[in-house]
Every structure is written in structure tokens, then in C-alpha cells.
Amino acid sequence: MFEFTIALAGRNVKITARYEVFKNYCAKYLTDGQPDFEIFVTDEDLVYEKEKSRLEDITEGKPVFNYPTCYLESLAAYRKIAEKMLDYDTILFHGSALSVDGEGFLFTAKSGTGKSTHTSFWRQQFGERVVMVNDDKPLLRITDSGVEVFGTPWDGKHRISTNTSAPLRGLCVLTRAEENYIEPISAEEAMPMLLQQSYRSASPAGIVKLMRLLDKMIKTTRLYRLGCNLNPEAALVAYEGMKRKDD
């Protein structure tokens, strides 16, 4: 067994892992700080993750992939972390997050829409002004005054993330379109996607807490819909639209 502690969204999490590769996976987030809580992955957790991945492959019409146990352990660990983070007003969210000049921007969409492709356009357009916070599963800490987005080791197949955080300037739902455009959307329009892209607890109490946090988030965060094509100009349209003061 390997014991180590990682810093996530302002909290220190002690992990007891079977595989050293998991510790290496979290290398950028290791800390000597006192843990706020501890997690341990059981055999039952690994069986659950394996079956869940199998069913997802079948649903998506893909060949069933036999993931190595060390990878399943990392998934199970993050699921347990996400459950506990609700106690600290923090949610796991599926999206691609970056910051420009210290301000955070978060893009979400159904799988395959092109979140990572779009944020790569931001890196092309803005260069060193851009910091990729997390390209897949950032953490969002939600307060009455706003949302802060945090990097995590669970950062997608391209492993793009930074151990940093940024105040969230805007959250944008991506859709495919022939021409690039951006428009503000209401909380009612955004909520179905936000709920779909958030980690949903297995407990009724956790679901209630998630809904309360999402309600708080949409009251303090600017929400947008971005219709975009595969032209890097889409990044400029999105940035200029989300920087406007009068929407």
C-alpha cells in the first residue's frame, strides 16, 4: 500500500492506494499538509468502476475496453473525493477550464462536441496569457460571492492541467454551429446541462446539496451559449462575448 496526501480545492486528502502509479499520477498535487479527510478504495469500488465503464462502452457502441486496475482505482478514488467535497461546497464538474490574465472560463458540452478543441484555440490565440486549469474534470468551489475553479490530476486523456485556481468569469455551454456566435442564457436554459455535467451523489442528501450549490452558482456566474465551428476565431468570439460588462 502507498499512503500520500494531495491538495485539492483548498483541502488536503489522504489516499491509501494499492499502486504507486496512482501516486505518480497525482505528483503535481502532493502535499505534506495535515489531511482534512481520508479515502480508501475497496475491492467493491473497483468492481463498480469496471462494470460502469463496461456499460458506458456498450451504451456508446464502442468495444468494451478492459481498463487496468490502477486506472479503475484512480476513478474510484475521485468518486469518493467528489462525494466528500460536497461537504466543503465543492463539486466535480465535467468541462474544460482555463484562465486568461487570472480570470477563469469554463466550457462544457456533451462528449464529442469539441471542448478540448475549443480551448486549444484559446491557447493559439492568447499564448502565454492562457493557463489551462483542467481539461476534463475540474473542481468548483461555490460561495455566495462566486465560484473558483481548481485544477486536479484528473485532467483528461491529454493530461492538461495546472495546480492552480481562478475566479470563474463565465461558464459557457458549447454547441456546434456553422458560424461562431455567443449569447447569454438564462438559469433555466443552463440548468439541465449543468446538472448533467456535475458529479451526482449516490445519496439523497448529496443530491440535495448538489442542487443547492448549483442554484447558488447560477446566481453568481455569467452563463452563455457558444455556437462554434472548427475555426480558431471561435476563441476570440467567446472571449469578447464573455468579457462584455453589459450582458
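In the predicted model, strand β11 (residues 181-184) pairs with β12 in the antiparallel sense over four bridges, where strands (E, at least two residues) and helices (H or I, at least four residues) are DSSP runs numbered from the N terminus, and two strands are taken to pair if DSSP finds at least two bridges between them. Within this pairing, Pro 184 stands opposite Tyr 224 in β12. Strand β12 also pairs with β10, here in the parallel sense and over seven bridges, and Leu 171 stands opposite Leu 223 in β12. Five of the seven residues of β12 are buried, so this strand is largely enclosed by the rest of the structure; buried denotes under 20% relative accessible area, exposed over 50%, and partly exposed the range in between, as computed with a 1.4 Å probe on protein chains only.

This is a predicted model, in which local features need pLDDT of at least 70 and side-chain atom pairs count only at pLDDT 80 or more, whereas totals for chains, interfaces and linings use all residues. Residues are numbered from 1 along each chain as its sequence is written, and side-chain values use heavy atoms, with hydrogens and water left out.

Helix α6 (residues 204-220) has buried residues that pack against β4 (90-92), β8 (139-143), β9 (146-150), β10 (165-176), α5 (187-197) and β12 (222-228), contact being defined as heavy atoms within 4.5 Å. The buried positions of α6 are Gly 206, Lys 209, Leu 210, Leu 213, Leu 214, Lys 216, Met 217 and Ile 218. At 1.5 Å a residue, the 17 residues of α6 should span 24 Å, and the end C-alpha atoms of the helix are 25 Å apart, which agrees; the expected span is 1.5 Å times one less than the number of residues. The side chains of Lys 219 and Asp 215 meet in a salt bridge (3.1 Å, N to O), a term that requires a side-chain nitrogen of Lys or Arg within 4 Å of a carboxyl oxygen of Asp or Glu. Being four residues apart in α6, Lys 219 and Asp 215 are separated by about one helical turn. Lys 219 is exposed, with a relative accessible area of 65%, whereas Asp 215 is partly exposed at 33%.

A further sheet is open and consists of three strands in the order β1-β2-β3, with mixed pairing. Strands β1 (2-8) and β3 (37-40) stand at its edges, each with a single partner strand, so one side of each is left without a neighbour in the sheet. The twist averages 25° from one strand to the next. Seven bridges join β1 to β2 (residues 11-17), and the two strands run antiparallel; Thr 5 has Lys 14 in β2 as its bridge partner. Helix α3 (residues 69-85) lies across β1, β2 and β3 and runs at about 145° to β3, with axes fitted to C-alpha atoms (for helices over the stretch in contact) and angles running from 0 to 180 degrees between N-to-C directions.

The largest nonpolar core has 26 residues, of which Ile 6, Leu 8, Val 13, Ile 15 and Ile 81 touch the most other members. Such a core is a set of buried Ala, Val, Leu, Ile, Met, Phe, Trp, Tyr and Cys residues joined through side-chain atoms within 4.5 Å. At least two residues of this core come from each of β1, β2, β3 and α3, and α3 gives the most, with seven residues. Ile 81 touches Leu 8, Val 13, Ile 15, Phe 37, Ile 39 and Trp 154, residues up to four places away in sequence not being counted. A second, separate core of 25 residues includes Ala 97, Leu 168, Val 173 and Leu 194.

In total, the structure holds 22 salt bridges. In one of these, the side chains of Arg 79 and Glu 49 meet at 2.6 Å, N to O. Arg 79 lies in α3 and Glu 49 in α2 (residues 43-59), so the pair ties together parts that are 30 residues apart in sequence. Glu 49 counts as buried at 3% relative accessibility, while Arg 79 is partly exposed at 22%. The side chains of Asp 101 and Arg 129 likewise meet in a salt bridge (2.6 Å, N to O). Asp 101 lies in the loop between β5 (96-100) and β6 (103-108) and Arg 129 in the loop between α4 (115-126) and β7 (130-134), so this pair ties together parts that are 28 residues apart in sequence. Arg 129 is partly exposed, with a relative accessible area of 37%. Asp 57, Glu 60 and Lys 62 are linked in a network of salt bridges.
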